[in-house]
Amino acid sequence: MAVALVLLSACDREAREVRGKPLPETAVAAQTSQLFPAGGTAGPIDPRAKMYEGNAYHIAEGGRLYRQMNCVGCHANGGGGMGPALMDDQWRYGGRMDQIVASIDQGRPNGMPSWRGKLTPTQMWQLAAYVRTLSANVAKDVAPSRSDTMSATYPPTLAKPKPPTDSDPAAVKGPAR
Amino acid sequence: MSAPYRFTRDLAELPTHAFGNRSLTWWGVILFMLMEGSGFALAGAAYFILKSHQGTWPPAPLQPPGLLAGTLFTLLILASEIPNTIVKKKAEAEEIAPVRLLLPIMAAIGGLLLVIRAFEFDSLNVMWTDNPYGSIVWALLVLHTTHILTDWFDTVVLTVLMFTQHGPTGKRFVDVSENSLYWRFVWLAWLPIYLLIYWVPRW
Amino acid sequence: MTRARLSAVCVGLSTSGCAGVQSIAPSAGAHTSAFNSLFVVFLVVCGFFYLLVIGFLGAAILRRRRQGEDGVPALFRVWVGLVSLSLVGLALASWLTDRAMASYGDKGPPVRIRLTANQWWWDVEYLGANPSEAVRTANEVHLPIGRPTLIELQSNDVIHSFWVPNLAGKQDLIPGRTEDIALLPRKIGVFRGQCAEFCGAQHAHMALTVVVEPEAQFRSWWRQQQAEAPAPRTPEQLAGMTYVTTRECATCHAIAGTTASASVAPDLTHIASRKTIAAGTLPMSRGGLYAWIADPQGVKPGAHMPYIGLEARQLDAVVAYLETLK
Amino acid sequence: MIARDGPELQGAELHDRLTRTWSRKPGLIGWLSTVDHKEVGRRYIVTAFVFFVLAGVLALIMRTQLARPESGLITADRYNQIFTMHGSTMMFLFAVPVMDAVAIYLIPLMVGARNIAFPRLHAFSYYMYLGGGLMLWIAFALNIGPDIGWFAYTPLSGPEYDPGKRADMWAQMITFTEVAALAVSASIIGTIFKQRAPGMRLDRMPLFVWAMLVVSFMVIFAMPAIALASGFLISDRLVGTQFFNPAEGGDPILWQHMFWFFGHPEVYIIFLPATGFVSQITETFSGRSVFGYPYMVLALVATGLLAFGLWVHHMFATGLPRMGYAFYTAASMTVAIPSGVQIFCWIATIWSGRPRFGVPMLYVIGFIITFVIGGLSGVMVASVPLDLQMHDTYFVVAHFHYVLIGGAVFPLLGVVTYWFPKITGRMMSERLGRWAFGIVFASFHLTFMPMHWTGLMGMPRRVYTYPAGMGWDALNFVSTIGAFGIAIAVILFLVNVFTSYWKGELAGPNPWGGTSLEWATTSPPPPYNFAHVPVVESRTPLWDADGGPLPVMTGLRVDERETLLTTLIDAEPDVREASAEPSIWPLLAAIATSILFVGSVFTPWAVVWGAIPVAIALTAWFWPKRSREPGEEPVIA
């Protein structure tokens, strides 16, 4: 019985919605005002976040895109390089699913390109879902332990979950706070 | 069941317990050792298959594991065969006093071995996530630790039992004897694993 | 509708109906001829033994007069001897055939191809003598008749298996390794290969078109494939090209001669010259292109081509442009 | 108060007192605590057949999907789960357990023992098996069914390509069934080695007992391979080890070696018990002992040994060294010799006996006609050049269904008919039985014979659909019709089982005139199996007695559970040892272990906290209950 319950609670996690949920482009762009570091005033969280965040299939697809789109080039396997580290719990532009999607969609200063029109919204959500596993901000049993590449990271399945915080680089303090 | 019978022999005189291959417990232990043994053998085979894909073993720039803890462990587990043999002999002679004396010692040795084992993990110089080398040496060590742990637990339970009214009975002496037999397997299985973990990387 | 569509793929492959384009029996290669001979040997020997067994069983069941074991022990010895001898014979025949097959790659200067398997398509690179001769395409291989072809096999993700039954047996493509296989085509035709190792959701839609043609035809195909993509000629084609090379398409696909140069999805430079779309899933046609681009996940659920949600105007333009990529 | 059976204590009074000693406790707890091999065996058999029917339904769904090209009945994702579930269930939850199940019921009866060796262990085994099966099927119902094939090749089954818990469910199910199979093997070997009736020397054991002895040892050597492999897979997926990661120097082919080192012997683990069935039925229905007994035993042992040298023939397409291939081709063909010997001996037994053609015998004949085809196509795929074409096509699907259905399921259906009267006390209907046999035999060939051609015409396995016009359409349609025929036959068979269970003709102890010891006791047997210890003086004890008095030994206690141990080779009486009382702890230990296993799919820490209840349950299991069990007579004054 307990087994059944544990398994039941896992249904969303296992669904494989191959089409994603088609979204109008504007839906992602709704939060353009957030070009401020530290996230500005974040509105209520986008309801789609949950569907992608807790879903193993979307996370796996996001991982594939992360490697294929060469995110590794700047962010490494989450450890950071030219771009900021993604496996810590510090987020300059907000660590929520919709905030990460906004960063991917719009690009950010100092090198992060805008992927609008290059990736579909579904793919951006998948990427965001994957990126959040790097910092173990999702249930550990949804994340893959590693990819079939040279893996330099600690398995997300073993990491301690860290609540995301918005870091504040000294130069720019969000006025909204 | 009204078929008539031809009575050929009365078995009442047979003993109710026996040691070695005359007892079912012995066979149980032997079969368990066969299962575990083939598991270890296959893990060893996997070790060499994974090794065959690497230029150096351990893969550069890793260092082979430190020798101190593993060697200490090996010496202690070899030395433990002395009390182990004695306790087995005494059990088969059905003498309760020496068994009650030696079993706690065996349990203590097991506990000490587990402590040293913790330092062994520390001396491997590699994590299981690093590469297949790390994965297989951790797997070997974890597999063997499981054996130490189960036999240690078994010994503790048996030690307690020997001090109860169930202690000085034939059946319990058989259990003690077979527990000693299993301990022999635990250290015999360790020797090749010791070589795989500590010495093959040094070749 | 789906049924009609797939039949169309099949017709696209072969004008004379489809049965046999992916089959062991109609041999089109040196390996399959050898296979067929060996198979006949096995079939005859095994058939003979089957008849023996059934005959003995039938006799045992129907026999009226029973005289105990008379003669059975002697028969037993004969039987065991016969079985053992035949097995030795079969093993020997098998071994000799295997050796003969191994030598087919040496018959003449080979065409060299590197085939990389992906979930769920084939990346094809012709390795010319110099880089300018190299050709990159996908899901379709052209081979000159009578010349050995050496194919390097690699995988980018999971284990796949290369299998063109009319030409030769299988060889797995294993990530982290490079395997190879030699083919020696002996018959002109269009054949179909298919991934033969279960490789995930769309294992069933991972086909490879193999065109065996005369040397001259092969040469002209090769030259044509080396060319860059033609420039668009109508405003609609131009709009299509602009979309393809600047938007989502270019994130994964490459078209030689344009700015699109990604390599995680099939090369589109001469896509319209190929016989199928999406590794044998749809026939190459305007309708096929529309179906595939409009709703890839409906055609091949789980494939890595995403649903983009093009507007009708954009879709028209993209298809119009892709159709020019001969 | 020590009481023993003997000339002065026999008949009805002995029956009452033994029944009191050997019965389980009443009530639900008693039902769950039973350690009687007959009750556990029955549950095992019924559970295995439930899984057989479930996996059969999956087969029907697959066949319906494949009946026509480009069918959209089920999605690719579902189909992949379904074929994985079909294979995994048939292999791990039906074929192997059902053989164990029949052995659990029969081996103690055949060797004349009061109960199986390690009674609590085999009860534990059943609950583990049930737990593994439930876990897999609940997962499947929740769309977490494995979709990686029953062979789960890495890296497809690894962390990158199979997101979620699907592959973990599969791998953990392996752990469950492997624990169950190993536990049963230990019980069976213990029973065969130490609990045989006095006089049943090794060379007098029934051939089914020999088969199970060989099979149990094969399980002991083969199962650890899959246990280790699935352990590696789970740790790759859960804690990020690198065993199968090619980029880090791990080896996906290592998985295949370990899987097939188990997977090939697995086929013989299924097939050899079936040969034992065939030997028993053939012997009884031919009215003579099996021709060439020593050759049969040698063939069993040889097959068991050779089975471990063949695994590479599943990997011919991976590109291993060619000389190695030649060796494995030779080894694979060699295994045809012992099979040929067995086939000959059975037919020779029929030839030189006085055969009767009851339903069980019909299945034996169906077995020979079918299995030999599978064996011969096996010789074909042992050849490297042939295999490289046939591998992973429907030809191979045809081949192994001929071997597994023809070679194992047909004998199994025969055996159910044959031993049904022993288990239930009632005969199965002969008429329904003949109909079921006829339909299943014809439908089987209708289903799988065309697959030889579909394979040769290039249709690969494990595809959820195929294009029209490849020449496969008609053949596939015929196969689908055949599959429904098999379903009808199975339904008929089950109807026969159910109606006969309540209304069948009463059987009496020995309805077929068999000669092995299980026919010496009542049908169904009493909880204590035999009132007195039977004595065996030849290979055919009951035919020797010829209705006259059976030789027996006496002197086992009737107030305590006591069983006789005999010597290994000659089965001389040696020790009277206590046999375990019923206990709830095997069930509780199995529940604790299941929690550990299922928990460790989600977090590695489950291994740590899950071990505590397991340790408690095991301690309680082994803790002596009362002050004086047999064998606990104090040895010190």
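Mentor: Between chain A and chain D, 28 residues of chain A are in contact with 26 residues of chain D, where contact means that the C-beta atoms of two residues, placed from the backbone, lie within 7 Å. This is a predicted model, in which local features need pLDDT of at least 70 and side-chain atom pairs count only at pLDDT 80 or more, while totals for chains, interfaces and linings use all residues. Residues are numbered from 1 along each chain as its sequence is written, and chains are lettered from A and ligands numbered from 1 in the order in which they are written.

On the side of chain A that touches chain D, α1 (2-8), α2 (11-14) and α5 (56-68) each supply at least two residues; helices (H or I, at least four residues) and strands (E, at least two) are DSSP runs numbered from the N terminus. The largest share of that side, five residues, comes from α1(A). By class, the side holds 16 nonpolar, five polar and seven charged residues, with Ala, Val, Leu, Ile, Met, Phe, Trp, Tyr, Cys and Pro counted as nonpolar, Asp, Glu, Lys and Arg as charged, and the others, Gly among them, as polar.

Among the five pairs of chains that touch, chains C and D have the most contacts, whereas chains B and C do not touch, their nearest C-alpha atoms being 11 Å apart.

β1(B) pairs with β2 (residues 550-554) of chain D in the parallel sense over five bridges, and B:Arg6 stands opposite D:Pro551 in β2(D).

Conventions: Pairing = 2+ DSSP bridges.
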